[in-house]
Every structure is written in C-alpha cells, then in structure tokens.
Amino acid sequence: MIRYALACEKGHAFESWFQSSAAYDRQVKRGLVTCPVCNSATVDKAIMAPRISGAKKHGGAPPPLPAANAPAAETPAPVAMVSPQERELRKKLKEVREHLIKNADYVGQKFPEEARKMHYGEIEHRSIYGEATPDQAKELHEEGIEFHPLPVLPDERN
Ligand SMILES: [Zn+2]
C-alpha cells in the first residue's frame with residue numbers, strides 16, 4: 001500500500017491509500033478518487049516542495065523552508081483522510097436518509113404524539129419522521145416505542 005498526499009483542483013489537501021502507483025493512476029483516470037471536501041474528481045498528487053528538486057545531492061541538511069518568501073496569507077485548506085470504505089458508508093447513509101425523507105411523512109414536533117398513536121393502534125402504521133427532544137425520546141423508549149435517529153452526515157449539521 002502507498003499513501004499519497006493529494007490535492008484537488010481547488011487546492012483541498014487530503015491523503016489516500018492505494019495498492020500501487022499503477023492503481024493510483026488507474027483510479028484517478030476513472031475519476032474514482034474524489035476530494036472529500038468538494039467531491040471533485042480532478043485530483044493530483046500534492047506537490048512536496050522541499051523534495052521536488054531531485055537533482056540535489058543527498059547527505060547535507062535539508063534546505064530550510066523559504067519562510068520569508070512564503071505567501072503571506074495562506075489559508076489553510078480543510079484536510080481529511082477518508083478511506084474508500086468510509087466514503088462508501090457515507091454514501092449509504094445519505095441514501096438511507098434520502099429514501100426515508102422521500103417515503104416518510106414529516107410530522108415535525110408532533111413526532112412523539114404520532115409515534116405514540118401508532119404504537120397504541122389509534123392510527124395506522126406508516127413511516128414518519130420529525131423532531132423529538134431527548135426527554136421525549138427517552139419517554140418513547142420507556143414505553144417500548146421503537147424509532148431511530150435519522151443518520152446525519154457531519155457536513156449537514158449547520
Ligand atoms: Zn476539493
């Protein structure tokens with residue numbers, strides 16, 4: 001396995017593991033390697049500034065970083081290491097969520113009420129989603145009413 005430091009066309013830096021450099025080439029060509037930040041498939045190996053000049057002789061101390069010449073306002077890009085499995089999982093979570101939202105009724109804050117009515121047979125069972133406070137959730141659980149939190153993806157929280 002080889003780890004590559006990668007960057008997308010927008011300059012987001014991330015790292016990913018590949019079986020080999022050939023596997024890396026293949027996956028990039030097919031657009032399978034995507035930026036975890038913006039999903040762009042236009043990615044390339046990040047440039048490792050101090051090592052790019054291969055002509056230098058080995059043995060000496062590494063050349064100091066040109067701190068004085070560095071761009072003044074270099075905004076740090078968000079970085080992440082996302083394994084292919086994790087990306088797959090995220091995709092599935094998103095699908096589950098979208099499926100649920102498409103096929104269930106949104107009942108908002110009436111969720112505990114509706115869930116209870118269904119549980120006690122007052123209304124027909126159907127898929128619903130909505131909001132419940134932690135206290136309400138606890139009560140529902142204590143009454144033996146089964147429900148599940150909607151999977152939330154980290155970047156959808158705001
Ligand atoms: Zn990006």
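Colleague: How many salt bridges does the count come to in this structure?

Modeller: The count comes to eight salt bridges. Keep in mind as we go that this is a predicted model. For a salt bridge, look for a side-chain nitrogen of Lys or Arg within 4 Å of a carboxyl oxygen of Asp or Glu. One of them joins the side chains of Asp105 and Arg126, at 2.8 Å from N to O. That pair links distant parts of the chain, with Asp105 in strand β5 and Arg126 in the loop between α3 and β6 (128-130), 21 residues apart.

Colleague: Are Asp105 and Arg126 buried, partly exposed or exposed?

Modeller: Buried means under 20% relative accessible area and exposed means over 50%, with partly exposed in between. Asp105 has a relative accessible area of 39%, so it is partly exposed. Arg126 is also partly exposed, because its relative accessibility is 35%.

Colleague: Which helices does the salt bridge between Glu139 and Arg116 link?

Modeller: First the distance: the closest N and O atoms of Glu139 and Arg116 are 3.7 Å apart. Glu139 belongs to helix α4 (residues 134-142) and Arg116 to helix α3, 23 residues apart. With 40% relative accessibility, Glu139 counts as partly exposed. Arg116, at 24%, is partly exposed as well. When salt bridges share partners, you can read them as a network; here one network joins Asp105, Glu113, Glu114, Lys117 and Arg126.

Colleague: Let us turn to the metal. Which residues coordinate the zinc ion?

Modeller: Start from the donor atoms: Cys8 (SG), His12 (ND1), Cys35 (SG) and Cys38 (SG) coordinate the zinc ion at 2.0 to 2.4 Å. Along the chain, these donors follow the spacing C-x3-H-x22-C-x2-C.

Colleague: What is the geometry of the zinc site?

Modeller: The general idea is to compare angles with the ideal, which is 109.5 degrees for four tetrahedral donors. In this model the angles among the four donor atoms of the zinc ion are 105 to 114°, and the site is tetrahedral.

Colleague: Are Cys8 and His12 buried or exposed?

Modeller: Both Cys8 and His12 are buried. Cys8 gets that label because its relative accessibility is 6%.

Colleague: With cysteines in view, how many disulfides does the structure hold?

Modeller: A disulfide is a covalent bond between the sulfur atoms of two cysteines. This structure holds zero disulfides.

Colleague: Now the surface. Which residues make the nonpolar patch?

Modeller: Met1, Trp17 and Met81 make a nonpolar surface patch of about 360 Å². Trp17 lies in strand β2 (residues 13-18). Trp17 counts as partly exposed because its relative accessibility is 43%.

Colleague: And the overall fold: what pattern does the chain follow along the sequence?

Modeller: Read the elements in order, and you get β-β-α-β-β-α-β-α-β-α. That comprises four helices and six strands. Of the 158 residues in the chain, 22% are buried.

Colleague: Where is Lys110 placed?

Modeller: Lys110 is in the loop between β5 (105-108) and α3 (111-119). From Lys110 to Gly130, the C-alpha distance is 7.2 Å, although 20 residues separate them in sequence.

Key
Residues are numbered from 1 along each chain as its sequence is written. This is a predicted model: local features need pLDDT of at least 70, side-chain atom pairs count only at pLDDT 80 or more; totals for chains, interfaces and linings use all residues. Side-chain values use heavy atoms; hydrogens and water are left out. Donors are N, O and S atoms within 2.8 Å of the metal (3.2 Å for Na, K and Ca); water is not among the atoms, so sites may look incomplete. Four donors count as tetrahedral if all angles lie between 85 and 135 degrees; four count as square planar and six as octahedral if opposite donors are over 155 degrees apart and all others between 65 and 115; anything else is irregular. Buried means under 20% relative accessible area, exposed over 50%, partly exposed in between (1.4 Å probe, protein chains only). Patches are made of residues with over 30% relative accessible area and no salt bridge: like charges are joined within 9 Å, nonpolar side chains (Val, Leu, Ile, Met, Phe, Trp, Tyr) within 5 Å. Accessible areas come from the Shrake-Rupley method with a 1.4 Å probe; for residues, only the protein chains shown count as cover. Helices (H or I, at least four residues) and strands (E, at least two) are DSSP runs, numbered from the N terminus. A disulfide is a pair of cysteine sulfur atoms within 2.5 Å.
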